[in-house]
Amino acid sequence: MDIKKDVAVSDSGFVFYPTTGESFSVNPLGMEIIRLMKDDKSFDKITEYVVDHYNVESSTIEKDLLDFIEMLNHFSLMEDDGEG
Amino acid sequence: MEKQQYERPLIKRLESKIPNKFGAKPNLIPITHIDEVAVKDLISEHGSPLFVISEKKIRSNIRKARKAFETRYPKVQFAWSYKTNYLDAVCRTFHQEGSWAEVVSDFEYDKALHNGVNGSKIIYNGPDKTPESIKKAIQNNSLIHIDHLDEYYTIQETADALGIKAKVAVRINMDTGVYPMWDRFGFNYENGQAWTVLNKIMRSDVMTLVGLHTHIGTFMLSAIAYGVAASKLADLAIGIRTKYDHQIEYIDMGGGFASVNRLKGSYLPGVDTNPTIDDFAEAITTALINADFKPDELPLLILETGRALIDDAASLLGTVISNKRLSDGRRSTILDIGVNLLFTSFWYEHPITPAQPFTQYTEDTVVYGPLCMNIDVLREHITLPLLNKDDHVVIQYVGAYNMTQWMQFITLRPRIVMIDEKRNVNIIREREHLDRILEFEKVPDHLKKFDL
């Protein structure tokens, strides 16, 4: 579950991927999650972090985190983990 | 440590598409209340989905419409189009505001009588008038608008047998420059059909011609067409006056005025582009006043406006069942409102607005209903804030046709409430129950038992 190393994220939620020149915007939680991923935090750790800091059930963040990662994959911002 | 408000993580690709030339932005204000009643309280008490009708808005709409016409023309009468929304509470609100009833079936005719409308204030339109209902309409002195010659003969025979003169009008179809032309109803102006039936009525001993009627289309985006239609009806009325020395009592311009809804494929919202009630009033009354009527012989002007008076007086409240991601990355949201309840979503882009505060982050979303049917799509594309499961939404401008054309399909139909002018929430139609559906079914004896 590694985000590509050269994906840059600014404090204002602007994400830039220099390989393709594409840019993206993320909301505050999206930005936090990308930073946690860049710090090599696991899925469970990120879930735990969000439940600790936000008013949300773990089942909700698990589902939303899966969706977020799906979108990162969709935009080719994740490293190929060799699975599948 | 106090936890922060949760909003699901979102990433959106920034694309340098051609910007919207009008700079329109999605509606970013949640609808938390309807007529000062909280949406969450409505849903918690009455369930979801829930139709909510504003009595205050109905009254303000009809008053505004009457003002638009009555300030331009001396004799105006509105008749409430039952098929648009025939809930008793809705009909009676319009009747309290002075509207007559306009009905198009035996069922609707009986509903108008049940609502206490005097038979002489019921306009009976439509191609399917049963002989029994024609008899009733003649006996009640109702205004029968003849749609076809078979109906003419039935009225002739029935009135003759009853020994009562039937009060009739003729529905006229015509070319007003708007296509498709609605020539399936009534008699054509241009090819002489109209005069054929008018001559027959004028020579009948058992019918009195009291009016001329037209209904040129639905959701009309041109007010000018109504001016053309009014001129043609005036021409017929003056022709009857000249030929038979008979003065008709009224010209009925029907309905079809566009509401504030936005048709699919429209670039701009209906509120910005559709003609207003004043535009329609100006076109119709100018044509009538400029016609060759003597000033003291101006006919009563009847309007059967439905949609434009009720669409924006009702909302449909619903709840998010789930959010999903489609295979191409698009967001999809499933609501508990299906096309069986929101029939008009087939041709309108109804505004869908969250009922709780949200941030500025949005996603392009496909909104689906709960039915296990591929056609159950409420909006193909809409920019929505980040909705969570169990969030509530308000779908606006649903007052016309949805509560008459809705279907009991897969799910049971929900409750309908009306908020009165004192902000009381009145249940005006109960939610359906399985027992009510089963009441109509019968199981043959040999199918009553089975082993699995």
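This is a predicted model: local features need pLDDT of at least 70, side-chain atom pairs count only at pLDDT 80 or more; totals for chains, interfaces and linings use all residues.
1. Strand β17(B) and strand β18 (residues 377–385) of chain B run antiparallel and are joined by six bridges.

2. β17 (residues 362–368) of chain B has another pairing worth a look, with strand β15 (residues 331–335) of chain B. Here the sense is parallel, and the pairing extends over four bridges. S332(B) has V366(B) in β17(B) as its bridge partner. While you are browsing these strands, remember that side chains in a regular strand alternate between the two faces of the sheet.

3. Now for the overall layout. Chain B is split into two parts: domain 1 covers 33–52 + 313–433, and domain 2 covers 55–311. Between the C-alpha centres of domain 1 of chain B and domain 2 of chain B there are 33 Å. Their contact draws on 19 residues from domain 1 of chain B and 21 residues from domain 2 of chain B.

4. Which elements of domain 1 of chain B give two or more residues to the side that touches domain 2 of chain B? They are α12 (402–405), β20 (416–419) and β21 (425–429) of chain B. β20(B) provides the largest share of that side, with three residues.

5. Where domain 1 of chain B touches domain 2 of chain B, its residues comprise 12 nonpolar, two polar and five charged.

Definitions and conventions:
Residues are numbered from 1 along each chain as its sequence is written. Chains are lettered from A and ligands numbered from 1 in the order in which they are written. Domain bounds come from an automatic or database domain assignment. Two residues are in contact if their C-beta atoms, placed from the backbone, lie within 7 Å. Ala, Val, Leu, Ile, Met, Phe, Trp, Tyr, Cys and Pro count as nonpolar, Asp, Glu, Lys and Arg as charged, and the others, Gly among them, as polar. Two strands pair if DSSP finds at least two bridges between them.
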